[in-house]
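Colleague: Could you take me through this model step by step, beginning with the terms that you rely on?

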Amino acid sequence: MARGGLQAAAAALTELTEMGRKKHVHPDVLAQLQERYETRVHAAEEAMRAMQMERGVLRDEEARRASRHLMMVEKEHVLDAYHRGVISQDALEEVLRDVDARMGELEG
């Protein structure tokens, strides 16, 4: 919506410039309309920036949530392997330290 509004308002400003050049509209009316459409352009640009920031924040949150989940899966898997006797306690502790460190980085 914001992108379409921006394009429409920009097209109107271009047309207003052409109308003014050809003297199709009184200069006072031209100035009033240019101000109105410039306001629309600025509002659409702000809306687009806000949406881009929001999308970025939501994407970052989703990436952190998915990463946290995957690290918990890693921990569960290594704990299960230890309980089944597949890996040693040293290996378990090393992997858990690594996962915990990455989780700390993710949270920090």
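Modeller: Rings of Phe, Tyr and Trp (its six-membered ring) count as a pair if their centres lie within 6.5 Å, and the pair is called stacked with planes under 30 degrees apart, edge-to-face with planes over 60 degrees apart, and tilted for the rest. This is a predicted model, in which local features need pLDDT of at least 70 and side-chain atom pairs count only at pLDDT 80 or more, whereas totals for chains, interfaces and linings use all residues. Residues are numbered from 1 along each chain as its sequence is written, and side-chain values use heavy atoms, with hydrogens and water left out.

Colleague: How many aromatic pairs does a search of the whole structure find?

Modeller: A pair of aromatic rings is described by the distance of the centres and the angle of the planes. When the whole structure is searched, the number of aromatic pairs found is zero.

Colleague: Which residue lies over the face of tyrosine 37?

Modeller: A charge is taken to sit over a ring if NZ of Lys or CZ of Arg is within 6 Å of the ring centre and within 35 degrees of the ring normal. At 5.0 Å from the ring centre of tyrosine 37, the residue over its face is arginine 40.

Colleague: What pattern does the chain follow along the sequence?

Modeller: Helices (H or I, at least four residues) and strands (E, at least two) are DSSP runs, numbered from the N terminus. The chain has three helices and zero strands, and read along the sequence its pattern is α-α-α.

Colleague: What radius of gyration does the chain have?

Modeller: The C-alpha atoms fill a box of roughly 90 × 20 × 15 Å along the principal axes. The radius of gyration is taken over C-alpha atoms, and the globule rule is 2.2 Å times the number of residues to the power 0.38. For a compact globule of 108 residues the value would be near 13 Å, but for the chain it is 29 Å.

Colleague: How far apart are the end C-alpha atoms of helix 2?

Modeller: The expected span of a helix is 1.5 Å times one less than its number of residues. The 57 residues of helix 2 should therefore span 84 Å, and this agrees with the distance between its end C-alpha atoms, which is 83 Å.

Colleague: Against which helix do the buried residues of helix 1 pack?

Modeller: Buried means under 20% relative accessible area, exposed over 50%, and partly exposed in between, with a 1.4 Å probe and protein chains only. In helix 1 the buried residues are Ala2, Leu6, Ala9, Ala12, Leu13, Leu16 and Gly20. They cover an arc (that of the directions from the helix axis to the C-beta atoms) of only 130°, which puts them on the same side of helix 1. On the other side Arg3, Gln7, Ala8, Thr14 and Arg21 are exposed, and the buried residues of helix 1 pack against helix 2.

Colleague: Against which helix do the buried residues of helix 3 pack?

Modeller: In helix 3 the buried residues include Leu92, Leu96, Val99 and Met103. They cover an arc of only 70° around the axis, so they fall on the same side of helix 3, while Asp90, Glu94, Arg97 and Glu105 are exposed on the other side. The buried residues of helix 3 pack against helix 2.

Colleague: Is isoleucine 87 buried or partly exposed?

Modeller: The loop between helix 2 and helix 3 holds isoleucine 87. Contact means heavy atoms within 4.5 Å, and, neighbours within four places in sequence aside, isoleucine 87 is in contact with Val78, Ala81, Tyr82 and Leu92. At 25% relative accessibility, isoleucine 87 counts as partly exposed.

Colleague: How far apart in space are alanine 11 and tyrosine 37, C-alpha to C-alpha?

Modeller: Alanine 11 is in helix 1 and is partly exposed, with a relative accessible area of 45%. Alanine 11 and tyrosine 37 are 26 residues apart in sequence, and their C-alpha distance in space is 9.5 Å.
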